[in-house]
Amino acid sequence: MSNEDITLTAGDAEVTVAPGNGGRVGSLRVGGVELLRQGAKFGCFPMAPWCGRIRDGRFLDGAAVRQMPLNSPPHAIHGTARDGAWTRARVTGSEAVITYDLVDPWPHPARVTQAFTLTEDALTLTMSVETYADSFPAQIGWHPWFNRNLGGGGEDVRVDFRPAWQEERGDDHLPTGRRVDPEPGPWDDCFGMPGGVDVTLTWPGRLELKVGSREEWVVVYDEQEAAVCVEPQTGPPNGLNTHPRLVTPIEPLEATTTWSWRRL
């Protein structure tokens with residue numbers, strides 16, 4: 001079947017990609033140790049064609065106001081691509097490419113493509129949104145659930161990064177438009193890193209994993225007990241209204257993130 005799970009291996013690293021479950025990375029194991037949360041909220045899902053919350057589910061699309069379903073009332077959250085079944089386009093031992101065609105409620109026909117490349121010490125994820133018809137605003141990014149603890153009596157993960165600013169968060173969990181000095185966690189917040197996303201997760205004595213991307217926006221969410229999320233994305237929450245990126249027939253929207261790790 002075209003949407004059966006895909007397993008990639010390189011050295012002692014193993015990744016499972018689940019086209020039939022929202023095109024997510026279902027599992028990342030290094031030396032037999034699972035790095036991604038399992039259970040109801042698991043793995044790493046793609047955020048497309050928007051990231052985080054859209055205020056009241058509405059955004060301006062040219063002269064039209066579009067309404068998305070309020071799947072996180074009173075807002076719409078994390079796009080629609082994670083809800084669909086993706087199709088495998090190409091698979092080798094260490095690489096996979098899958099696609100998803102955007103459908104209603106998204107108003108514009110377009111194709112989202114994800115590529116996954118695994119080496120012995122890194123996983124690279126690339127995503128693009130292409131249109132052959134209308135131009136439209138969009139955002140893309142990834143939402144991984146990294147395990148807070150890898151088991152075996154080890155310590156919880158430490159999160160280290162040096163953002164240039166933090167987007168002030170309003171009571172509605174959306175950026176107010178003000179940039180403030182980064183504050184201590186716990187976080188469900190968006191940060192600006194103009195030189196590119198660079199966040200280090202360290203499980204002391206076990207593993208160090210770096211989340212990198214050329215994009216300058218990252219949401220860090222560590223308010224849940226079991227997992228820590230580090231989400232590179234092409235704009236901040238509510239970005240379809242505040243920092244839209246335009247997808248056109250001659251210019252797709254593309255982004256890449258690499259997770260690289262080393263033993264400690």
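Strand S23 and strand S24 (residues 227–233) run antiparallel and are paired through five bridges. Here two strands count as paired if DSSP finds at least two bridges between them, and strands (E, at least two residues) are DSSP runs numbered from the N terminus. The structure is a predicted model, in which local features need pLDDT of at least 70 and side-chain atom pairs count only at pLDDT 80 or more, while totals for chains, interfaces and linings use all residues. Residues are numbered from 1 along each chain as its sequence is written, and side-chain values use heavy atoms, with hydrogens and water left out.

## Strand S23 and its partners

A hairpin of five residues connects S23 to S24. Within this pairing, Val-220 is placed opposite Val-230 of S24. S23 also pairs with strand S20 (residues 188–192), again in the antiparallel sense and over five bridges. In that pairing, Asp-189 has Val-220 of S23 as its bridge partner.

Strand S23 covers residues 217–221, and five of its five residues are buried, so the strand is largely enclosed by the rest of the structure. The term buried stands for a relative accessible area under 20%, exposed for one over 50%, and partly exposed for values in between (1.4 Å probe, protein chains only). In a regular strand the side chains alternate between the two faces of the sheet. In S23, Trp-217, Val-219 and Tyr-221 point one way, whereas Val-218 and Val-220 point the other way, and all are buried.

## Salt bridges

Side chains of opposite charge can pair when their charged atoms come close. A salt bridge is counted when a side-chain nitrogen of Lys or Arg lies within 4 Å of a carboxyl oxygen of Asp or Glu. This rule gives 14 salt bridges.

| Pair | N to O distance |
|---|---|
| Arg-263 and Asp-12 | 2.3 Å |
| Arg-90 and Glu-95 | 3.3 Å |
| Asp-189 and Arg-169 | 3.9 Å |

The bridge between Asp-189 and Arg-169 has an N to O distance of 3.9 Å. Asp-189 belongs to strand S20 and Arg-169 to strand S18 (residues 165–169), so this pair ties together parts that are 20 residues apart in sequence. Asp-189 is buried, at 7% relative accessible area, whereas Arg-169 is partly exposed at 32%. Both residues belong to a network of salt bridges that also includes Glu-223.

Arg-263 and Asp-12 form a salt bridge whose closest N and O atoms are 2.3 Å apart. This pair links distant parts of the chain, with Arg-263 in strand S26 (residues 253–263) and Asp-12 in the loop between strand S1 (6–10) and strand S2 (13–18), 251 residues apart. Arg-263 is partly exposed, with a relative accessibility of 47%, and Asp-12 is partly exposed at 38%.

In the pair of Arg-90 and Glu-95, Arg-90 is partly exposed with a relative accessible area of 43%, and Glu-95 is partly exposed at 25%.

## Aromatic rings

A pair of aromatic rings is described by the distance of the centres and the angle of the planes. Rings of Phe, Tyr and Trp (its six-membered ring) pair if their centres lie within 6.5 Å; planes under 30 degrees apart count as stacked, over 60 as edge-to-face and the rest as tilted. The structure contains ten aromatic pairs. In one of them, the ring centres of Phe-59 and Trp-106 are 5.3 Å apart and the planes stand at 10°, so the pair is stacked. Phe-59 lies in strand S7 (residues 58–61) and Trp-106 in the loop between strand S11 (95–102) and strand S12 (110–119), 47 residues apart. Phe-59 is buried at 1% relative accessibility, and Trp-106 is buried at 3%.

Phe-146 and Trp-259 form an edge-to-face pair, with 5.0 Å from centre to centre and 65° between the planes. Phe-146 lies in strand S16 (residues 146–147) and Trp-259 in strand S26, so the pair ties together parts that are 113 residues apart in sequence. Phe-146 and Trp-259 are both buried. One aromatic cluster is formed by Trp-50, Phe-59, Trp-106 and Phe-136.

Notes:
Helices (H or I, at least four residues) and strands (E, at least two) are DSSP runs, numbered from the N terminus.
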